[in-house]
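Subject: Structure for your review

Dear colleague,

Please find below the structure that I am handing over to you. My notes on it follow directly after.

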Amino acid sequence: MNMISTHMKLEQEILRLEAMSKQGESYSDATGRYGWRNPVRRDTGPLLAAQVAAHDAYRILEIGTAHGLSALHLANGWATLEGRELHTIEMDDEVGLQAQRLFDGLGLPVKVHIGEAMGVIENQLQGRFDMVFLDAQKSHYGMQWNALVSFGLVGKGTLLLADNVIDRKVECTSLFQALNEQGISYQVIPTECGLLSAVVG
Ligand SMILES: C[S@@+](CC[C@H](N)C(=O)[O-])C[C@H]1O[C@@H](n2cnc3c(N)ncnc32)[C@H](O)[C@@H]1O
């Protein structure tokens with residue numbers, strides 16, 4: 001499949017998942033196990049793609065796959081699939097495996113790591129990521145970022161994006177603290193939920 005066809009397929013799948021999300025709302029049962037996972041809002045997805053393109057991100061890490069909507073937006077920012085990798089972490093195995101089937105069907109170089117994020121960071125990931133997107137538990141953002149730093153998975157030039165830093169600002173406190181302690185300045189893009197953007201200097 002050439003890249004134009006890939007982008008067309010991605011756009012179709014993004015529309016399909018957005019429609020499902022609207023029908024299902026988030027977390028349809030008490031545990032959220034079979035429910036729709038609160039995905040990125042419509043104002044945020046295209047921004048993710050634009051950031052991938054602007055940063056020319058080859059290796060991307062996402063924490064919080066859910067049904068794969070944000071991962072599709074991230075992949076939509078690639079101009080080519082050559083040399084590109086997206087690693088995404090999901091602790092709900094059924095949801096993660098379903099997302100992996102979606103990515104495989106589209107021929108995307110996306111690997112879903114099933115497991116709790118801290119364990120995956122420690123045991124399954126290697127190499128430096130050009131870009132990280134945090135979108136799982138907000139109160140874990142700081143801990144996850146610190147782990148990525150200490151395992152050398154991020155470094156100079158890595159672009160960090162994190163969702164929900166406005167609508168769930170208090171829960172994101174640990175990330176603000178971690179970045180402040182590391183002397184990393186950040187901006188908050190005023191999307192509906194708030195998207196934090198920082199580049200490691
Ligand atoms: C907000 S949803 C992600 C939405 C997705 N990024 C999107 O926009 O399409 C958060 C997901 O993170 C997963 N999750 C929450 N905490 C996690 C953790 N500690 N480790 C791995 N996955 C986690 C949840 O199971 C859920 O599917």
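In which loop is A66 found? A66 sits in the loop between strand 1 and helix 3, the latter spanning residues 69–76. Please bear in mind throughout that this is a predicted model.

A66 has a positive phi of about 50 degrees although it is not a glycine. Most residues other than glycine have a negative phi. A66 counts as buried because its relative accessibility is 15%, and buried means under 20%. D56 belongs to the loop between helix 2 (45–55) and strand 1. At 44% relative accessibility, D56 counts as partly exposed.

The ligand

The shell around the ligand holds 18 residues, of which G64, S70, E90, E116 and D135 come nearest. By type, the residues of this shell divide into seven nonpolar, six polar and five charged. A polar backbone atom of V40 is 2.8 Å from an oxygen atom of the ligand, and a polar backbone atom of L69 is 3.4 Å from an oxygen atom of the ligand. From a side chain, an N or O atom of E116 is 2.6 Å from a nitrogen atom of the ligand. On its own the ligand has 600 Å² of accessible area, and the protein covers 95% of this.

Helix 6 and its surroundings

Helix 6 (residues 141–150) packs with helix 7 (residues 173–181) at an angle of about 35 degrees, and their axes are 6 Å apart. Helix 6 contributes Y141, G142, M143, W145 and N146 to the contact, while helix 7 contributes S174, L175, A178 and L179. These contact residues divide into six nonpolar, three polar and no charged.

Within helix 6, the residues Y141, G142, Q144, W145, A147 and L148 are buried. The buried residues of helix 6 pack against helix 7, and also against strand 1 (59–63), helix 5 (117–123), strand 4 (131–134) and strand 5 (159–163).

K138

K138 lies in the loop between strand 4 and helix 6. Is K138 buried or exposed? With a relative accessible area of 4%, K138 is buried. Its side chain makes a polar contact of 3.0 Å with the side chain of Y141, and another of 2.8 Å with the side chain of N164. Leaving aside residues up to four places away in sequence, K138 touches D163, N164, R168, E171, C172 and S174.

H113

H113 is part of strand 3 (residues 110–114). H113 is buried, with a relative accessible area of 5%. Its side chain forms a polar contact of 2.8 Å with the side chain of H87. Beyond its neighbours within four places in sequence, H113 is in contact with H87, T88, I89, E90, V120, Q124 and L125. H113 and E90 are 23 residues apart in sequence, and their C-alpha atoms are 6.3 Å apart in space. E90 is also one of the residues that come nearest to the ligand.

Yours sincerely

Notes:
Residues numbered from 1 in each chain as written. Predicted model: local features only at pLDDT ≥ 70, side-chain atom pairs only at ≥ 80, totals over all residues. Heavy atoms only, no water. Near = heavy atom within 4 Å. Polar contact = N/O pair within 3.5 Å; in protein donor to acceptor, adjacent residues only side chain to side chain. Areas by Shrake-Rupley, 256 points an atom, 1.4 Å probe, with all protein chains shown as cover. Nonpolar A, V, L, I, M, F, W, Y, C, P; charged D, E, K, R; others polar. Axes fitted to C-alpha atoms, helices over the stretch in contact; angles between N-to-C directions. Helix = DSSP H or I, 4+ residues; strand = E, 2+ residues; numbered from the N terminus. Contact = heavy atoms within 4.5 Å. Buried < 20%, exposed > 50% of the residue type's maximum accessible area, 1.4 Å probe, protein only.
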